[in-house]
Amino acid sequence: GRNLEAPRGQRLREALATIEDDRIKQEFAIFMQKADVDEEFSRLRTHIGEVRRIVTESKGSIGKRLDFLMQELNREANTLGSKAIAIECSNASMQLKVLIEQMREQVQNIE
């Protein structure tokens with residue numbers, strides 16, 4: 001099976017090792033890079049951590065900062081949806097966008 005814990009580059013090399021034709025290797029490498037969502041997940045985690053930090057630690061007006069972070073979360077959710085290969089990933093992206101929109105509506109009521 002595919003080693004999901006391996007670094008992205010290692011997974012790509014392992015997958016490419018099984019392909020013979022150079023053109024197919026090039027196309028497959030491009031496809032794998034486009035389908036890789038590690039960066040989006042990393043940014044989502046960072047943004048969520050920042051939302052938590054602002055809500056728990058900040059004093060004063062936080063509405064504008066949270067609204068900005070909702071926009072950033074939505075951008076990552078959109079990118080995930082555009083990269084989705086499996087229908088489950090596409091569905092998860094849609095659910096994420098709905099939740100982010102609900103949070104954004106609440107955030108817009110905060111000073």
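User: Which residues does Ile 85 touch, not counting residues up to four places away in sequence?

Analyst: Quick heads-up: this is a predicted model, where local features need pLDDT of at least 70, side-chain atom pairs count only at pLDDT 80 or more, and totals for chains, interfaces and linings use all residues. Residues are numbered from 1 along each chain as its sequence is written, and side-chain values use heavy atoms, leaving out hydrogens and water. Ile 85 is in the loop between H4 and H5; helices (H or I, at least four residues) and strands (E, at least two) are DSSP runs, numbered from the N terminus. Taking contact as heavy atoms within 4.5 Å, and skipping residues up to four places away in sequence, Ile 85 touches Phe 31 and Ala 35.

User: Is Ile 85 buried or exposed?

Analyst: Buried means under 20% relative accessible area, exposed means over 50%, and partly exposed is in between, using a 1.4 Å probe and protein chains only. Ile 85 comes out at 57% relative accessibility, so it counts as exposed.

User: How many Å apart in space are Ile 85 and Glu 105, C-alpha to C-alpha?

Analyst: Ile 85 belongs to the loop between H4 and H5. Glu 105 is 20 residues away from Ile 85 in sequence, and from C-alpha to C-alpha the gap in space is 30 Å.

User: Okay, on to Glu 40. Is Glu 40 buried or exposed?

Analyst: Glu 40 belongs to helix H3, which covers residues 38-57. Its relative accessibility is 4%, so Glu 40 counts as buried.

User: With which side chain does the side chain of Glu 40 make a polar contact?

Analyst: A polar contact is a pair of N or O atoms within 3.5 Å; within protein, one must be able to donate a hydrogen and the other to accept it, and residues adjacent in sequence count only if both atoms are side-chain atoms. Not counting residues up to four places away in sequence, Glu 40 touches Glu 76, Thr 79, Leu 80 and Lys 83. At 3.1 Å, the side-chain polar contact of Glu 40 is with Lys 83.

User: Are H3 and H4 roughly parallel or antiparallel to each other?

Analyst: Two packed helices are described by the angle between their axes and the distance between the axes. Axes are lines fitted to C-alpha atoms, for helices over the stretch in contact, with angles running from 0 to 180 degrees between N-to-C directions. H3 and H4 (residues 63-83) pack at about 160°, with axes 10 Å apart. Angles under 35 degrees count as roughly parallel, over 145 as roughly antiparallel, 65 to 115 as roughly perpendicular and the rest as oblique, so H3 and H4 are roughly antiparallel.

User: How many charged residues does the contact of H3 with H4 have?

Analyst: Among the residues meeting there are Phe 41 and Leu 44 in H3, and Leu 69 and Glu 76 in H4. Ala, Val, Leu, Ile, Met, Phe, Trp, Tyr, Cys and Pro count as nonpolar, Asp, Glu, Lys and Arg as charged, and the others, Gly among them, as polar. By class, the contact of H3 with H4 has 11 nonpolar and 2 polar residues, and the charged number is 7.

User: Is the crossing of H4 and H5 left-handed or right-handed?

Analyst: H4 packs against H5 (residues 87-107) at an angle of about 170°, with the axes 9 Å apart. That makes H4 roughly antiparallel to H5. A crossing is left-handed if the near helix is turned anticlockwise from the far one by less than a right angle, and right-handed if clockwise. The crossing of H4 and H5 is left-handed.

User: How far in Å is the C-alpha atom of Met 103 from that of Met 70?

Analyst: Met 103 belongs to helix H5 and is partly exposed, with a relative accessible area of 38%. Leaving aside residues up to four places away in sequence, it touches Met 70 and Leu 73. Met 103 and Met 70 are 33 residues apart along the chain, yet their C-alpha atoms are separated by 7.4 Å.
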